[in-house]
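Work through the exercises below with the sequence and the model side by side. Try each task before reading its solution.

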Amino acid sequence: QHYYITNNLRIRMAGILGRKVQQKLAEAMSKRSHFSKDEVDTLLDMYGAITVGGTRLDRNKFRDVLHNTFDMTDDILMDRVFRAFDKDMDSNLSQEEWVLGLSVFLRGTLEERVAYCFNVYDMNNDGYISREEMFQMLKNSMVKQTTEEDPDEGIKDIVELVLKKMDHDHDNRLSMDDFMKSVKEEDLLLEAFGPCLPDTKYREKFLADLESGNVCLDISQAKS
């Protein structure tokens with residue numbers, strides 16, 4: 001009986017200390033993000049629920065969050081979104097990467113969202129969006145239509161139109177500077193190569209729930 005009480009007290013103390021550590025972390029990250037301290041605290045609780053039992057927030061779990069919470073379905077772009085969050089490229093998201101990534105994803109400034117989308121679209125991380133990358137992403141995201149015309153030719157025509165409009169320095173590829181200038185001229189070009197930010201409906205619902213502290217996160221495995 002004595003051992004049970006001591007062990008129970010130890011668990012309670014660990015819980016109290018854990019909350020204090022999380023609250024300090026929430027305060028620190030609120031200063032580096034577009035979230036309040038309470039919102040960060042809720043996001044950290046969500047992170048804990050996703051990684052319960054010592055598991056990690058890996059690509060598959062993150063994909064399930066994107067699919068179930070924000071109705072994102074494009075596997076290639078969901079993988080690229082994960083890479084944009086995973087700053088240290090260790091194939092898992094830390095608490096910091098989770099919160100700071102969502103900060104841009106949900107409430108980023110125009111400059112932050114431009115940099116984020118550019119990183120998603122720069123598939124080989126060489127600092128440019130090439131013709132080949134544009135073609136691959138447009139081909140993947142466009143709805144297949146039953147026409148006799150070769151769809152690849154139609155996509156190539158779109159790539160040429162995009163380059164004509166966005167390639168300000170005329171080097172047949174898009175730099176971050178090209179992309180930034182183009183989006184500032186026409187904000188619809190932000191997601192020119194496929195959806196990598198949440199739809200307004202899902203973003204607003206998530207943020208309303210977050211502000212109220214009542215986020216219900218579906219982390220069940222997404223149906224493929």
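The model is predicted, so local features need pLDDT of at least 70 and side-chain atom pairs count only at pLDDT 80 or more, while totals for chains, interfaces and linings use all residues. Residues are numbered from 1 along each chain as its sequence is written, and side-chain values use heavy atoms, with hydrogens and water left out.

**Exercise 1. Describe the secondary structure and burial of the chain.**

Step 1. Take helices (H or I, at least four residues) and strands (E, at least two) as DSSP runs, numbered from the N terminus. The chain has 10 helices and 4 strands.

Step 2. Read the order from the N terminus: α-α-β-α-α-β-α-α-β-α-α-β-α-α.

Step 3. Buried means under 20% relative accessible area, exposed over 50%, and partly exposed in between (1.4 Å probe, protein chains only). Of the 224 residues in the chain, 38% are buried.

Step 4. Contact means heavy atoms within 4.5 Å. Among contacts in the chain with a separation of 6 or more, 62% join residues 24 or more positions apart.

**Exercise 2. Determine how H2 packs against H5.**

Step 1. Axes are lines fitted to C-alpha atoms, for helices over the stretch in contact, and angles run from 0 to 180 degrees between N-to-C directions. For H2 (residues 37–50) and H5 (residues 95–107), the angle is about 120° and the axes are 10 Å apart.

Step 2. Angles under 35 degrees count as roughly parallel, over 145 as roughly antiparallel, 65 to 115 as roughly perpendicular and the rest as oblique. H2 and H5 are therefore oblique.

Step 3. List the contact. H2 contributes Glu 39, Val 40, Leu 43, Leu 44, Met 46, Tyr 47 and Ile 50, and H5 contributes Gln 95, Trp 98, Val 99, Leu 102 and Arg 107.

Step 4. Sort by class: Ala, Val, Leu, Ile, Met, Phe, Trp, Tyr, Cys and Pro are nonpolar, Asp, Glu, Lys and Arg charged, and the others, Gly among them, polar. The contact of H2 with H5 has 9 nonpolar, 1 polar and 2 charged residues.

**Exercise 3. What covers the buried residues of H9?**

Step 1. In H9 (residues 176–185), the buried residues are Asp 178, Phe 179, Met 180, Ser 182 and Val 183.

Step 2. Their cover includes H6 (110–121), E3 (128–129), H8 and E4 (174–175).

Step 3. Beyond its neighbours within four places in sequence, Tyr 121 has contacts that include Phe 179, Leu 77 and Phe 193.

**Exercise 4. Where are Asn 125 and His 170 found?**

Step 1. Asn 125 is in the loop between H6 and E3, and His 170 is in the loop between H8 and E4.

Step 2. Most residues other than glycine have a negative phi. Asn 125 has a positive phi of about 55°, and phi of His 170 is positive too, near 55°.

Step 3. Asn 125 is exposed because its relative accessible area is 53%; His 170 is exposed because its value is 65%.
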